[in-house]
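Have the structure open as you read.

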Amino acid sequence: MMLVGVVLALGPLAWVWRQHRRSTPLRGLQALTLLTLFLTFDLVLFGAFTRLTDSGLGCPDWPGCYGNASPFGANADIVAAQSAMPFGPVTHGKAWVEMIHRYLATSVGVLILVLAVASWITWLRRGRKAQQKPINPWWPTLTLFWVCLQGAFGALTVTMKLFPAIVTLHLLGGLVLLALLCVQSVQYSQLERGVSPAAITPGLRWLQWLSLALLLVQIALGGWVSTNYAVLACSDFPRCQNSWWPAMDFLQGFTPWRELGLTTVGEHISFAALTAIHYVHRLMAFLVLSLLGVLAWRLNRVRALRLPSRWLAALIGLQLVTGISNVVLGWPLVAAVLHTGGAGALVVVMTWTVAASRTHSLQPVPVAPEPSVSRHPA
């Protein structure tokens with residue numbers, strides 16, 4: 001598995017080296033970080049595709065497939081499992097989807113390891129030059145730690161048989177990974193161009209952090225909807241089950257530690273619980289999208305943040321369209337994957353706005369008192 005990841009990572013590494021071999025080390029580090037961010041975003045999308053095609057248990061062990069590095073070696077086991085359950089979680093197609101996801105995850109892990117090592121080397125070299133502002137190598141180090149933790153959650157996702165809480169945390173971990181890489185990309189870009197973060201008011205800064213916090217809560221709710229397969233609990237919009245307040249069981253729906261499709265006592269989860277999971281996510285969406293809309297409008301007034309503010313506005317529209325499509329069109333695969341991708345893109349853009357700005361102090365600058373002039377004649 002590691003060998004496959006190294007081979008896949010050689011392609012992006014070779015491309016960055018060829019394109020930036022005559023550039024400064026900082027420029028090469030920036031390019032590799034941006035490319036790793038792009039590939040991590042692709043990994044999040046493919047992870048959504050894996051989950052939505054019910055391929056998460058295509059290979060029911062970890063890290064290999066029935067103890068083999070690829071489904072080729074596990075052919076006999078896959079055939080036996082598929083014969084026993086023709087429409088079960090193990091098929092040749094699902095096994096390949098699951099293993100490709102693991103190969104991509106391993107390659108991203110290799111790239112992040114290279115980033116951590118390269119950042120420390122660059123930091124040591126730049127630290128000897130007083131005229132150059134040093135980079136912060138602790139961000140890529142934290143990213144390396146986080147990707148290892150994310151790999152552990154990936155293993156638990158399989159070994160705990162798609163436990164909803166673990167799958168949701170695995171999704172959130174992938175989005176945190178995007179945010180960490182985005183912070184580094186913005187910092188390297190500012191260092192390379194020699195610019196400082198845009199100055200914004202404390203009120204706008206507070207709105208940024210509030211919007212980011214509520215966005216993460218909303219994504220967690222969306223992950224809970226997906227991992228509990230509660231999307232189709234409401235098949236109409238804007239009402240649910242032809243009611244503005246359908247029958248819901250919040251306690252059962254939001255009990256975090258339970259197996260997929262079951263309650264804590266081993267009974268099948270009720271439809272009212274699935275309805276509660278779906279409807280809370282929908283109601284929260286109205287609040288979060290409205291708040292993000294206000295933030296996009298405010299950020300558009302800051303010249304240095306107009307580009308991310310316009311991306312933010314476009315992604316709000318994408319999430320609204322794909323979210324409604326999932327309901328009224330019966331959860332089509334394309335809309336579902338795009339909805340997850342839109343959530344990941346929103347995290348990246350929100351992190352971009354936070355990392356590219358700073359609070360502007362509104363405190364008045366103290367003025368020195370004028371010297372007193374004697375009125376007594378000499």
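We start with a pair of helices: the axes of α5 (residues 138-159) and α6 (residues 164-193) come within 9 Å and cross at roughly 160 degrees. That angle makes α5 roughly antiparallel to α6, a label used for angles over 145 degrees. Their crossing is left-handed. By class, the contact of α5 with α6 has 16 nonpolar, nine polar and no charged residues. Here Ala, Val, Leu, Ile, Met, Phe, Trp, Tyr, Cys and Pro count as nonpolar, Asp, Glu, Lys and Arg as charged, and the others, Gly among them, as polar.

Keep in mind that this is a predicted model, where local features need pLDDT of at least 70 and side-chain atom pairs count only at pLDDT 80 or more, while totals for chains, interfaces and linings use all residues. Residues are numbered from 1 along each chain as its sequence is written, and side-chain values use heavy atoms, leaving out hydrogens and water.

Now the whole chain. It has 11 helices and two strands; these are DSSP runs (helices H or I, at least four residues; strands E, at least two), numbered from the N terminus. Of the 378 residues, 45% count as buried, that is, under 20% relative accessible area with a 1.4 Å probe, protein chains only.

Where is empty space left? Rolling a probe the size of a water molecule over the atoms shows this. On a 1 Å grid over the protein atoms alone, a cavity is a set of points where a 1.4 Å probe fits but cannot get out, and a pocket is an open set with protein on both sides within 12 Å along at least five of seven lines; lining residues have an atom within 4 Å of a point. Points are joined across faces, edges and corners, and the volume is the space filled by probe spheres set on them.

| Space | Volume |
|---|---|
| Largest pocket | About 990 Å³ |
| Second largest pocket | About 690 Å³ |
| Largest cavity | About 630 Å³ |

Of the 32 residues that line the largest cavity, the closest to its centre are Gln218, Gly222, His281, Gly323 and His339. Helix α9 gives the largest share of that lining, eight residues.

The largest pocket is lined by 41 residues, and Ala105, Gln150, Gly151, Gly154 and His170 are the closest to its centre. Both α5 and α6 are among the elements that give two or more residues to this lining.

Methods. Axes are lines fitted to C-alpha atoms, for helices over the stretch in contact, and angles run from 0 to 180 degrees between N-to-C directions. Angles under 35 degrees count as roughly parallel, over 145 as roughly antiparallel, 65 to 115 as roughly perpendicular and the rest as oblique. A crossing is left-handed if the near helix is turned anticlockwise from the far one by less than a right angle, and right-handed if clockwise. Buried means under 20% relative accessible area, exposed over 50%, partly exposed in between (1.4 Å probe, protein chains only).
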